[in-house]
Amino acid sequence: MTRRLLLAGVVLLYVLSIPWYRDADAAVGVLWGLPDWVAVALGCYVGAAVLNAAAWLLTDVADAPPDASASGPRKGDAQ
Amino acid sequence: MSFGQLGVAALLVYVAVVVAVTELARRARVDRTPADHFLAGRGLGTFVLFLTLYATAYSGNSLLGYPGEAYRRGFSWIMSTGFMMSIVVVFHLLVPRLRPLAVRHGFLTPGDWLRHRFGGEAFGRAVLVSCAVLMTLALVNFLLAQLTAMGHVTQHVTAGAVPFWLGVTGLAALILLYETLGGMRAVAWTDAGQGILMFLGLAALLLWVLSDSGGLAATTEAIRAMRPEAVAVPGLRELANWASTIALLGLASVIYPQAIQRIYAARDGGALKRSLALMSFMPLVTTTVVFLIGIAAIPRLASLGGVEADTVMPRLLEQWAAAGTGSALLAVVVFVGALAAIMSTADSVLLSLSSIVAVDLLGRPPAEEATTRLGKRVAAALMVFAVLWALWPRVTLWRLIELKMELLIQCVPAFLVALHWSRLRAGPTFAGICLGTAIAAGAASMGVKRIEGVHVGVIGLLANAGVAVLGSLGMPSQAASFGSTGRVPRAHGLRLW
């Protein structure tokens with residue numbers, strides 16, 4: 001559940017990173033040395049990186065499917 | 001010592017180190033099986049796996065093509081940080097499902113998944129061959145881009161002492177040597193060193209960009225005065241292109257055969273997820289830096305157009321090197337870091353290509369030593385072909401990336417949808433691949449890159465996935481034959497050749 005919330009947060013930040021909510025001819029200020037809409041996008045990507053990393057650490061990457069038989073080969077059983 | 005002499009010396013040291021690592025990898029070889037040659041015996045731990053993923057993902061395209069594109073487009077190229085990160089996000093759809101199956105069934109190539117998933121169906125072979133052909137075309141294109149970038153960097157780092165053609169052919173021969181002798185182990189170990197070198201080089205370059213340009217704010221104001229459109233909020237079409245590029249690269253890059261083979265090559269699931277957690281941060285310290293380099297070049301360099309803009313980074317470094325011996329030395333480190341990044345991507349691409357051609361297209365058994373030998377011969381033939389092509393660059397590095405992704409993305413339903421939806425059938429999947437590829441390739445051949453900012457490959461994928469899903473829904477369900485778990489079918493031991 002936590003992992004899914006983190007991934008939902010990543011998607012939300014991606015949506016916010018694209019300045020679709022700004023007019024193309026709007027005045028552009030400077031924030032952190034960058035055009036403000038660029039700074040916002042970069043901030044979103046920093047947030048997305050943190051949430052995505054946390055989601056990966058909570059991800060279960062099993063080394064065999066749940067229904068794998070105990071005697072079944074786990075590695076290198078090339079066909 | 002001049003910049004060119006420093007560059008030649010650094011190049012020789014780099015080549016010597018790579019040859020030494022190759023010898024170590026050759027001695028570490030356990031046997032001559034394809035699993036040992038192409039997947040390093042499935043034993044890559046967190047540290048090496050992370051660095052090889054990093055060095056493979058960030059290529060000549062990233063270090064030469066992306067600054068060039070930032071220079072051409074302006075600040076909207078911040079999208080590059082987003083799309084490079086989207087790859088690690090989309091991996092959530094692939095890794096947790098594919099890794100357990102790969103371990104259990106000993107997958108060697110991406111095609112092994114397709115064989116496993118669709119092997120028992122009438123159009124299973126067609127899905128496998130079509131995806132293998134698309135992957136081969138995309139990878140040859142990718143290899144071509146790396147070789148072109150290698151030539152540019154070598155020529156600049158040696159101040160012309162090593163010309164473009166010699167850089168391409170000489171370094172291609174070096175890649176072929178260490179890959180043939182050391183396989184994936186040599187590739188991963190050199191990738192690890194090359195990843196560190198690239199990271200250090202970019203850190204040095206970032207410091208220079210920030211200090212020498214009078215700060216970011218001054219650069220932004222200078223660009224606003226010169227090219228106000230580069231600072232303005234992007235228009236609707238550019239916003240659509242931003243979203244489309246994130247979709248194109250995020251989806252297509254997880255289908256990179258070399259990325260899939262690293263999922264197979266990980267020592268265990270823990271190492272894989274820790275590596276991917278670390279990879280989440282790399283776009284911030286890599287892509288953002290090269291984006292800033294391209295931006296900083298706008299007020300510094302006179303208008304460069306087309307293919308010429310791909311030389312933005314070498315030109316900036318030449319300016320930096322002219323400031324003194326210390327700067328020249330650091331500039332050489334950056335150059336060699338860039339070269340290392342390019343080489344590390346080229347070697348991974350070549351290794352994947354040779355395994356796909358040998359196993360998936362030529363149908364050789366993945367467990368026999370003869371397949372390893374065939375893979376090495378295939379690698380040599382492909383490299384000769386790519387070198388001859390690379391000696392005459394015709395399109396920008398970014399366009400090469402787009403062309404590759406537009407083909408590769410047509411394989412997405414056969415991987416991502418098939419992993420998550422047991423009703424997907426081979427026939428509709430093959431029909432979808434044909435339709436999507438026809439749209440993407442047809443539009444590209446007519447010179448149409450995007451429609452209202454959306455890549456033709458993404459439009460092709462929508463049609464492709466629609467046909468695959470709707471066609472599968474219209475066929476009788478095979479769920480009962482998949483067992484009570486409803487998981488995707490496993491064609492144990494079934495091969496199509």
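The dialogue below goes through how to read several features of this predicted model.

User: What conventions apply to the numbering and to the model?

Analyst: Residues count from 1 along each chain as its sequence is written, while chains are lettered from A and ligands numbered from 1 in the order in which they are written. The model is predicted, so local features need pLDDT of at least 70 and side-chain atom pairs count only at pLDDT 80 or more, whereas totals for chains, interfaces and linings use all residues; side-chain values use heavy atoms, with hydrogens and water left out.

User: What is the order of the elements in chain A?

Analyst: Helices (H or I, at least four residues) and strands (E, at least two) are DSSP runs, numbered from the N terminus. Chain A has two helices and two strands, in the order α-β-β-α from the N terminus. Buried means under 20% relative accessible area, exposed over 50%, and partly exposed in between (1.4 Å probe, protein chains only). Of the 79 residues in chain A, 42% are buried.

User: Which residues touch the most other members of the largest nonpolar core?

Analyst: A nonpolar core is a set of buried Ala, Val, Leu, Ile, Met, Phe, Trp, Tyr and Cys residues joined through side-chain atoms within 4.5 Å. Here the largest has 188 residues, and those touching the most other members are Phe91(B), Leu94(B), Trp113(B), Leu147(B), Trp242(B) and Phe415(B). Helix H16 (residues 325–361) of chain B gives the most to this core, at 21 residues. Beyond four places in sequence, the contacts of Phe91(B) include Trp56(A), Val254(B) and Leu276(B).

User: How many residues of helices H6 and H19 of chain B are buried?

Analyst: In H6 (residues 110–118), nine of nine are buried, among them Asp112(B), Trp113(B) and Arg115(B). The buried residues of H6(B) pack against H5 (79–105), H7, H11 (257–265), H16, H19 and H20 (426–445) of chain B. In H19 (residues 412–420), seven of nine are buried, including Phe415(B).

User: Is Met150(B) buried or exposed?

Analyst: Met150(B) lies in helix H7 of chain B and is buried, with a relative accessible area of 0%. Leaving aside neighbours within four places in sequence, its contacts include Gly167(B), Leu171(B), Ile342(B) and Met343(B).

User: What angle do helices H1 and H7 of chain B make?

Analyst: Two packed helices are described by the angle between their axes and the distance between the axes. Axes are lines fitted to C-alpha atoms, for helices over the stretch in contact, and angles run from 0 to 180 degrees between N-to-C directions. H1 (residues 3–28) and H7 (residues 124–157) of chain B pack at about 125°, with axes 8 Å apart. H1(B) and H7(B) are therefore oblique to each other; angles under 35 degrees count as roughly parallel, over 145 as roughly antiparallel, 65 to 115 as roughly perpendicular and the rest as oblique. Among the residues in this contact are Phe3(B) and Leu11(B) of H1(B) and His156(B) of H7(B).

Terms used: Contact = heavy atoms within 4.5 Å.
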